[in-house]
Structures are given as C-alpha cells and as structure tokens.
Amino acid sequence: MNAVPADDLTARAHEASAGIVADILSLVRHETGSDDLPGLAAGLDHLRELAVSRLGPPDREERHPGGECGDTLALTYTGTGTGHVALIGHYDTVWPTGTLAAWEPPAPDADGREKLGGPGIFDMKTGLIQGVWALALARESGAPVPTVTFLFNGDEEIGSLSSRPLIEELARRVDATLVLEPSAHGAVKTSRKGSGIFRITVTGVEAHAGLAPQDGASAITALSEFVVAAAKVAAPERGTTVNTGLVQGGSATNVVAGRATASVDIRVTSRAEQDRVDRELDAIEVSDPRVRVEIDHAWNRPPMTLDAASAPLLALAREVAREQGRDELPDTAVGGASDANFVAALGRPVLCGMGAVGDGAHARTEFVYPDTVPAQTALVAGMLRRLAEPLPGTPA
C-alpha cells in the first residue's frame, strides 16, 4: 500500500473497498457454525491468513484450544505509540454447515441499494475484516498507532464458554477495547442487556395414569405452573424479559410424568434486576408438595451500561466521525448481549457495535450494505490513530 496523508483515511478506505469486500466474502465462504469444530478450525486458519496478508506476521501469536468450542486466536501487532487497544470479535455463527449452499442472495433495496448476504456476514464476519483493514489503513497513514491485539473467538454464539477468561484477561491489560460486532443501523452500542439461560428441572412421582393417577405427582403439571409464574416475573417496563423457549418431559402418555425440564432465556438491564429475578424465581411454589423444583441460575453475561470508563471512548468516536464528515454518530442500547458485556463488567473502557451496517442477525435475511464498508473501516482506523496514546481519564 502507498503512504497517504494522515487525515485521508476515508478516501483511502473507499479506494480499498473492493479488496475489503473481497476479503469479507472470502471469509463468509468458510462456514463456521458454533458446533462444527473442523469448520471452525478451517475458518480460523483462513481468518489468520487474511490478517497476515494485510498486516504481515504478528509480533506475538497465541492460539488457545477451545476444547468442545472453537479455538481463540490472539494476534498482537506492536505499535509506534504507547497505547494498547484490543479489537475483539467472534468468527463462529449460528448457521449449521451446509447453510451457504441454499442461501438466497438478497434483493437490492427499493431504491436499488446493493446488499450482500451470507451466513454470518452481518454477525459478524464483516466486522472482523473491517478491523483488520482498519489497522492496515491506520499504519499506512504514517501517523502513530497503538499496539493492537486482535482476539478472535469461536464460541460467542454459545456463551463464550472457553474464551471469556481470555477476553477478561486481555481487557485488563489494554487501554481500550473495541468490539467489532455489527452496529445498530450505524449506531454504536453502549448498553446491552445482561443475559442468562436458566435450566429448570422438575422431579415428580410416576404412576399409572389410568389405574392409580392419585399416586402420581406430575412434573409436567408442576412445570406448567412454574412457567406461568415465571412469565409474571418479567418487567418489560424495566427491560426485563423472561422467555421459556424449550420444554421437555414425561415418558409415555399413560404415565404420570416423573420428570420435566425447561430452558428459560432471561434478559435484564441492571444488576438489581438480576438479583430480583433470582429471588422471585426461587420463591415460586407449585401446588403439589411432592414435586421438587430445582433452578440452575446460569447467568452468562452481566449487563453493560455506558459508564465513566467508556464515556470518553464514545466522545472520541464521535469526534473521529465528525472529522470524517459524518453528521453524527448515535449510540444506542440493545437487548442482545456480546463479549463487550464482560469487558464493561470489569470497569474497563469499551465500545461495541463498531462493525457492519446491515440487518437480519440470526435470520436468513442477514445482509450488509457494501457501500458502508469504507466509512465503518475508516471510523475504526481513525479511532486507532487517536488511541496511539492512552486517553486521559481512562482507568489504568
């Protein structure tokens, strides 16, 4: 790449747009469903190749085995400034292997605006590639840049079970973290709900449903009572939702059910709501005292809010956006959780939603607008240049 003026990131990103989009589509062609370990390994290998092709060999590289999850890869590129920034994103998707073959290309918008589709293109392979190119553009501008550590994890869609400790350890070491998840129609994400998937196990007493039903205590009936009561714990006006998404139970139609289970998705906006939900679910009683109800309080991600640690990052992002000709850079709160939740819970500076502009996460309508790729890439590149030195007032 040729050297360009330090204030010309957007123009250079437009010049590089075809290459950025080609890398995005190349990565999308590698299917990386969260449960396909061979596919995840091949996809991560390809992502590494793309990063090295644009940035050269990293100064430090660590590949952490994920066990039953996809591996986590950390690539560190030493900068010319004193700052250290983490760019975090997941390469696993919700789509099973084989989805790509039947994927229908998205039709343009009514005004003819082009869309690009594919499994994981919005959530979040476009963001990964934009992050790689952002560092490339920032470096070629000639301005100082921070040390950058990319962390690519292969298990975010299933809770970041193996990568969470790595994310938290990295977040403690760096000055700022930018999470390359998709934007909210161009807005960065500064607040996310905390999430949990609770497992409810109900144990009843089996009996013959015709000969001696009175001897039985139905786990299914009790679970039904619990599910109805749990739904009342929701408080939509406070952002708290409770959704029982999976229910299983019983062994035969003529047997009073001795066991039933449910998986409950819970979203909250504050720690106080977490505590309230825990208390009120534990207080639910079912009508038959012979039935035992056990609740696994599996909170996965804490709530994320815009706090004093992250507010300077948002202000910087808006300043960079203005310098690049944007009228505004909105921020928003969203219901979904991400790895940014872990960083925020540590009190470390973080911005999320620094990736793609499009829509349809987790749907077969998933797409990105290719005409937004240069601006989003330039925004991250501009942030990196400004973070060559740690921001005043951010936690050490």
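Analyst: What follows is a conversation about the pocket, a helix, the ring contacts and some backbone details.

User: What kind of model is this, and how are the residues numbered?

Analyst: This is a predicted model, in which local features need pLDDT of at least 70 and side-chain atom pairs count only at pLDDT 80 or more, while totals for chains, interfaces and linings use all residues. Residues are numbered from 1 along each chain as its sequence is written, and side-chain values use heavy atoms, with hydrogens and water left out.

User: OK, how much space lies in the largest pocket?

Analyst: The largest pocket holds about 580 Å³ of space. A pocket here is an open set of points on a 1 Å grid over the protein atoms alone, where a 1.4 Å probe fits and protein lies on both sides within 12 Å along at least five of seven lines; lining residues have an atom within 4 Å of a point. The volume is the space filled by probe spheres set on the points, which are joined across faces, edges and corners.

User: And which residues are closest to its centre?

Analyst: There are 27 lining residues, and Glu157, Arg267, Gly336, Ala337 and His362 are the closest to the centre of the largest pocket. By class, the lining has 10 nonpolar, 8 polar and 9 charged residues, where Ala, Val, Leu, Ile, Met, Phe, Trp, Tyr, Cys and Pro count as nonpolar, Asp, Glu, Lys and Arg as charged, and the others, Gly among them, as polar.

User: Which helix and strands each supply at least two residues of that lining?

Analyst: Those are helix H4 (121-140) and strands E7 (188-192), E8 (194-203), E10 (259-268) and E12 (299-301), with E8 giving the largest share, 3 residues.

User: Switching topic, how many aromatic pairs does the structure hold?

Analyst: The structure holds 5 aromatic pairs, counted when rings of Phe, Tyr and Trp (its six-membered ring) have centres within 6.5 Å, with planes under 30 degrees apart called stacked, over 60 edge-to-face and the rest tilted. One of them joins Tyr77 and Phe150 edge-to-face, at 6.2 Å centre to centre and 85 degrees between the planes. Tyr77 lies in strand E2 (residues 70-77) and Phe150 in strand E5 (residues 147-154), so this pair ties together parts that are 73 residues apart in sequence. Tyr77 is buried at 3% relative accessible area, and Phe150 is buried at 0%.

User: What about Phe198 and Trp299?

Analyst: The rings of Phe198 and Trp299 also form an edge-to-face pair, because their centres are 5.1 Å apart and their planes are at 80 degrees. Phe198 is in strand E8 and Trp299 in strand E12, so the pair ties together parts that are 101 residues apart in sequence. Both Phe198 and Trp299 are buried.

User: Where do charges sit over rings?

Analyst: The charged end of Arg113 sits over the ring of Tyr369, 3.6 Å from its centre, and Lys115 lies over the face of Phe367 at 4.3 Å from the ring centre. The criterion is NZ of Lys or CZ of Arg within 6 Å of the ring centre and within 35 degrees of the ring normal.

User: Last one, back to His362: where is it found?

Analyst: His362 is found in the loop between strand E15 (358-359) and strand E16 (367-368), and it has a positive phi of about 65 degrees although it is not a glycine. His362 is partly exposed, at 44% relative accessible area.

Methods
Helix = DSSP H or I, 4+ residues; strand = E, 2+ residues; numbered from the N terminus. Buried < 20%, exposed > 50% of the residue type's maximum accessible area, 1.4 Å probe, protein only.
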